[in-house]
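Take a look at the chain below. We will walk from its overall build down to a single residue.

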Amino acid sequence: MSVYDVIVIGAGVVGPAVATSLARQGRQVLIVERDWARPDRIVGELLQPGGVKALQELGMIDAVSGIDATDVTGYYIKFGDDALEIDYPYKADTQAPRPVKDVATEKNTRLHSDATIDADAWERDPKVRGVAFHHGDFIGNLRSIAKAEPNVTAVEGTVTKILYNDEGDVATGVSCKTGEGVVEYYASVVISCDGIYSKFRKELTNMGTPQVESYFVGLHMKHAKLPSKNRGHVVLGDHAPILMYQIAPDESRILCAYRSSKPPSSKNDELYRFMMDEIIPAVPKMTRPALRAAAKSRKFRVMPNQYLPAVPQRTKGLIVIGDALNMRHPLTGGGMTVGLNDAVLLARLLHPSVVPDLDNHDQVLVQLNKFHRLRKNLDAVINTLSIALYALFAADRNALKILQRGCFRYFQRGGSCVSGPIGLLSGMLPFPMLLFNHFFSVAFYSIYRNFGDRGIFGFPIALMEMIDVLVTAIVIFTPYLWRELVC
């Protein structure tokens, strides 16, 4: 019988981070992954500065090295014929990385230069940076770091069920289908990081069902010319939002939001027509040749955009984290940041100096309650912002279009109207009340500018629109923030 301190299910972004951190703290860790081959996904390719900070705190910053990654310094936003550039916040205005005890050292928290990343430039830059890459290469590095730990055992297999004690109230291990047959592994704690299609979130009896209200259609572009170097690109208009970012020296990703709760059909060239009729006319002219070439390949990838709020965890011996526990709209690129910060929190809260014996399930549950509470600040900001921004950027009715125009004009004001929102989006300013302040500042500024647009003769119309805008802003924002902070 194989017995460990911890079993980690899944080796995506969060699994290797958790396995590595707990192993460095002296725990014996088994990590089980269905397929250790290089994954190929169209999301999880832009890591916000908050996620970079988490990698440093975990001593895993080398995961972005040697993979032709591109550093990201902010965003380029195009709205109609107008455009603006937004920089990430100053380091002095954010919290510096706090290495996790017995996990991160001076050596493994330092970024190293490679063919595409200049570590000295990162160090000299007064502002924080993010990084973009091929998802599969990043995952490969994370897995290699985990496998290099002496206390980590890696197994390829499919976990089919969670094992419980005779009373059925404490998780004791997993049953795993491997190349050698069905094998049972046992541990004090099982940590499920099995992603958006998790089989094991249902083990938490109070868990809800993910909501799907839109999709992303993705394409891989070769030699694409983007308007602004080293920036994520957001294209807004009457269409749903479009994202573009460079993931290697000559490669870029485009993600196009598709406004429907049902995925677009792959039949009758629907995706090709969607790209040619709605997307290509909206992107900058310099990018169109590469996008046309990519569209003609018809290698479209479709991913659901899901929302799932986290819940308190009360099942002894079982912990669910990452996308298995909590999802948000990927528009803001915050998923990996939230997941890696969850790994940081868990490593701090389960450190042997705090929980010497993981078999003490009551003590672990106390720490899990702290985990649920402490993750809320970042979680609430990233998740609520993703939902609110998608609603504004995918505006499909008048009140939302007024908010969309007002949001862009708010950013054009510069100063704190830019530094605050980008600090929130980057994961470097995890302050829900700051998000509340900026969101409703956008709402009132939108109303103010709409009165100006309508003029004196349009005052009655603007007055009616004011009520609609306020109600809309409240409806698309406050329920999500309340759920994230209170539940």
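Predicted model: local features only at pLDDT ≥ 70, side-chain atom pairs only at ≥ 80, totals over all residues.

Residues are numbered from 1 along each chain as its sequence is written, and side-chain values use heavy atoms, with hydrogens and water left out.

Begin with the overall build. The protein chain holds 13 helices and 17 strands. The C-alpha trace spans about 80 × 50 × 45 Å along its principal axes. The radius of gyration, taken over C-alpha atoms, is compared with a globule rule of 2.2 Å times the number of residues to the power 0.38. For 487 residues, a compact globule would have a value near 23 Å, and the protein chain agrees, with 23 Å.

Now look inside. Of the 487 residues, 59% count as buried. Buried means under 20% relative accessible area, exposed over 50%, and partly exposed in between, with a 1.4 Å probe and protein chains only. Contacts (heavy atoms within 4.5 Å) tell us how the chain folds back on itself. Among those between residues at least 6 apart in sequence, 75% join residues at least 24 apart.

Next come the stretches named by UniProt. Its positions use the numbering here, its feature names are shortened, and its annotations may be inferred rather than shown by experiment. An unreviewed UniProt entry lists "domain: FAD dependent oxidoreductase" at residues 5-35. That span is 35% helix and 32% strand. The entry also gives "domain: Squalene epoxidase" at residues 187-463. Here the chain is 43% helix and 18% strand, and the end C-alpha atoms are 63 Å apart.

UniProt also places the feature "transmembrane region" at residues 378-395 and 455-482. Residues 378-395 are 89% helix and 0% strand, with end C-alpha atoms 26 Å apart. Residues 455-482 are 86% helix and 0% strand, and their end C-alpha atoms lie 36 Å apart.

Finally, zoom in on one residue. His-438 sits in helix α12, which covers residues 432-454. Is His-438 buried or exposed? His-438 counts as buried, because its relative accessibility is 8%. Leaving aside neighbours within four places in sequence, His-438 is in contact with Tyr-410, Ser-416, Cys-417, Gly-420, Pro-421 and Leu-424.

How values were computed. Helix = DSSP H or I, 4+ residues; strand = E, 2+ residues; numbered from the N terminus.
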